[in-house]
Amino acid sequence: MKRFFFTKEMNKKECFYLGRIAKLHGFKGEVSLFLDVTNPEDYATLDSIFIDLDDYLTPFFIENLKLKNKGFASIKLEGVTDENAAKLLLRKDVYLPAQILPELDGLHFYDHEIVGFNVIDKKAGSIGVVEQVIDLKVNPLLQIMKDGNEILVPLLDGLVKKVDRKKKELHISAPEGLVELYLDL
């Protein structure tokens, strides 16, 4: 991937969450990055990242990145040369600019892309707005909010019927009785 050169400050709205610096990896400034993504292999060639340091997305260039097991990567960052410098990065969130992602079409979408979309169920109609996608390995969930009520819908195969990016709508066919359970319909 290309290095990112930006002339203005990056903000989280222009980025997507990649993962988190989880722990130290050795004594020479390396850290373990947990890649909270579906396919960590897609990020094996990164050469730069943004780390959230006190709500400021700070760019770091990568000297070396090695994928490990279970979504982890050992990563060596330019300018982070010892254990003390690496400790300052622990438990910090890591982001990438959304513009580097290829556009998806049809029923495919990135989790961050549908946040704020109105959810329209085949039977119940408009049931709220996507707050977030809770990315559980076994059973990812759509967290939808309507009038202060939370609705959790499993993101099962076949749930999503249409993604209307222009209207910011996500059309679904929720499992029988699920929406009614939350909204007393």
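Helices (H or I, at least four residues) and strands (E, at least two) are DSSP runs, numbered from the N terminus. Helix H1 covers residues 83–87 and holds both Glu-83 and Lys-87, four residues apart, about one turn of the helix. The model is predicted: local features need pLDDT of at least 70 and side-chain atom pairs count only at pLDDT 80 or more, while totals for chains, interfaces and linings use all residues. Residues are numbered from 1 along each chain as its sequence is written, and side-chain values use heavy atoms, with hydrogens and water left out.

Six strands close into a barrel with antiparallel pairing, in the order S1-S2-S5-S4-S3-S6; two strands pair if DSSP finds at least two bridges between them. Phe-34 stands opposite Phe-72 in S5.

The largest pocket holds about 1400 Å³ of space. A pocket is an open set of points on a 1 Å grid over the protein atoms alone, where a 1.4 Å probe fits, with protein on both sides within 12 Å along at least five of seven lines; lining residues have an atom within 4 Å of a point. Grid points are joined across faces, edges and corners, and the volume is the space filled by probe spheres set on the points. Of the 36 lining residues, those closest to the pocket centre are Thr-38, Phe-109, Tyr-110, Asp-111 and His-112. Strand S1 (15–24) gives the most to the lining, with three residues.

Side chains of opposite charge can pair when their charged atoms come close. A salt bridge here is a side-chain nitrogen of Lys or Arg within 4 Å of a carboxyl oxygen of Asp or Glu, and the whole structure has six. In one of them, the closest N and O atoms of Lys-12 and Asp-52 are 2.6 Å apart. This pair links distant parts of the chain, 40 residues apart: Lys-12 is in the segment before S1 and Asp-52 in strand S3 (residues 48–53). Lys-12 also forms a salt bridge with Asp-55, at 3.7 Å. Asp-55 lies in the loop between S3 and strand S4 (56–67), so this pair ties together parts that are 43 residues apart in sequence. Lys-12 is partly exposed at 36% relative accessible area, Asp-52 is buried at 9%, and Asp-55 is exposed at 67% (buried means under 20%, exposed over 50%, partly exposed in between, with a 1.4 Å probe and protein chains only).
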